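Here's a quick tour of one protein model. Have your viewer open and follow along.

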Amino acid sequence: MTAKKEVSLINFFIFNAKFGPKEGDEHKKILFYFPHSVPLDTKIKQIGLCEAIITFTATFTDHPCESLHTHKTRQLFFQAEPDFWTVMTLGVPSIEKIVEGQTHTDYREEDIQDHVYRAVLQQTYNLYRLFNGTFQSTLTKCDIESLKQRLDHFFSKYLVTLRLNQVDIMTVFNGVQFLPLDKISYLRLQCFINQMEMIFPQIRYSVVLYNNHLVWSGLEQEDMRVLYYYLTASLLPAITEQDFSTAPLVTSAEGSHFGRFVLGPPDLQNEKNLGRISRVHLAGCEQEMEECFLVVYRALGALMCLLIQGDQQLDFDLFQKIDKFVGPQLSAIASDIAELTSRKNPSSTEMQFKYVYFNRMNFAQKTSIHTSNGLTPSVSSDVLRLIADIHNDLNTVTQVEDGETIVKTSNDSWIVGKKSDQREVYIIIHQKNANLIEINEEVKRLCSTHFNNIFFLD
């Protein structure tokens with residue numbers, strides 16, 4: 001009889017050592033600690049140990065400490081801002097076996113890859129910063145207690161939603177899936193957005209997605225990357241398909257449409273309810289973060305994010321005007337894109353290979369391994385870990401500009417990783433009796449056929 005335990009979150013905390021430098025003031029270093037039920041003395045000891053490890057390792061290298069390995073746990077460190085440390089402790093996955101009446105536990109340390117779970121830490125901070133700004137900005141405008149309240153409000157809700165057993169190479173990439181349009185559709189969309197931003201000057205930026213694919217963005221790439229993650233991993237999954245497949249047809253003088261607000265007034269007949277509107281903080285290219293209101297509007301498969309200047313007074317009349325202008329045009333554009341994608345992707349036989357592609361220059365990613373919701377990969381967890389290891393070798397260990405790694409797995413599959421000019425592609429080929437030369441030729445053929453507009457050095 002065997003029992004398997006998945007990776008688990010033991011604790012998560014944020015501290016700043018400068019807030020409690022004197023003896024007896026150690027508790028002042030703690031900004032957030034999860035779970036809340038842990039005794040204060042234990043929290044102080046944990047943070048003191050982490051501080052000692054970080055300080056000790058700093059004497060040997062210019063790079064801050066990233067992880068601590070023990071037999072049963074893995075502790076990951078991330079310096080989100082100067083002097084602000086975020087720490088996550090994970091329980092190592094294990095398998096319990098009963099042999100001759102005795103229970104034996106086998107801890108699978110290789111199942112936790114440091115760079116993958118450090119990406120989770122980076123992701124949690126980026127999402128916090130999107131909605132709350134930096135830690136330091138909160139301290140500058142308010143005080144430590146306000147910062148603690150914001151941290152508790154965000155992380156207490158967010159940490160329980162983490163799916164730690166489902167993170168993989170796509171978590172490391174944290175990229176954006178783009179949807180290219182033909183010239184006519186793109187120009188029509190651009191004209192629509194230009195006209196909208198001229199009519200509504202309070203709209204600073206706009207973003208358009210179609211079926212979880214980015215079509216248009218006026219944001220800086222890093223801001224778009226974080227917002228895209230929030231939309232596809234948090235906001236859109238919370239909206240059931242039924243909510244919008246049964247959206248009523250709205251008829252006005254401007255035309256009929258199927259649009260409605262996702263973040264904004266849920267009912268345009270009830271002017272007393274503006275609904276839920278989020279305030280976001282954008283890094284952009286400026287030193288100070290820019291605050292905007294995030295309004296989200298959806299029509300059929302299209303999703304439009306409107307980022308409105310944070311100093312504007314939002315009223316019901318503005319939302320009515322936006323609905324009248326955006327609704328009919330976005331519905332028509334969504335219909336055009338739906339027709340375009342149906343022509344581009346006719347039903348065909350399944351490819352004999354699977355791939356993951358990432359472009360670091362614009363954060364573009366493509367994958368045939370994951371489904372649209374990203375939760376059900378079509379390959380084993382061992383293959384995903386191997387791809388993550390190859391990526392880590394190419395980018396961290398060897399730090400090569402261009403390189404290639406070919407690996408044959410125990411089940412006779414081949415995994416090929418190619419890196420060229422900040423672009424990476426990982427191809428999985430199932431050819432049991434192939435040799436290295438044949439696999440290399442097959443990869444060249446696949447790259448020329450399916451990635452013909454992407455340059456890879458041979």
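What follows covers a loop proline, a helix pair and some salt bridges.

## Ground rules

This is a predicted model, so local features need pLDDT of at least 70, side-chain atom pairs count only at pLDDT 80 or more, and totals for chains, interfaces and linings use all residues. Residues are numbered from 1 along each chain as its sequence is written, and side-chain values use heavy atoms, with hydrogens and water left out.

## Pro93

Look in the loop between β6 (84-91) and β7 (94-99) and you'll find Pro93; helices (H or I, at least four residues) and strands (E, at least two) are DSSP runs, numbered from the N terminus. Pro93 has 4% relative accessibility and counts as buried (buried is under 20% relative accessible area, exposed over 50%, partly exposed in between, with a 1.4 Å probe and protein chains only).

Leaving out residues up to four places away in sequence, Pro93 touches Lys5, Glu6, Val7, Asp106, Tyr107, Arg108, Asp111 and Ile112 (contact means heavy atoms within 4.5 Å). Tyr107 sits 14 residues from Pro93 along the chain, with 6.0 Å between their C-alpha atoms.

## Salt bridges

The structure has 22 salt bridges, each a side-chain nitrogen of Lys or Arg within 4 Å of a carboxyl oxygen of Asp or Glu. In one of them, Arg385 meets Asp382 at 2.3 Å, N to O. These two are three residues apart in helix α10 (residues 381-397), so about one helical turn separates them. Arg385 is buried at 16%, while Asp382 is partly exposed at 48%.

Glu404 and Lys418 also pair up, at 3.1 Å, N to O. Glu404 is in strand β19 (residues 403-408) and Lys418 in strand β20 (residues 414-420), so this bridge ties together parts 14 residues apart in sequence.
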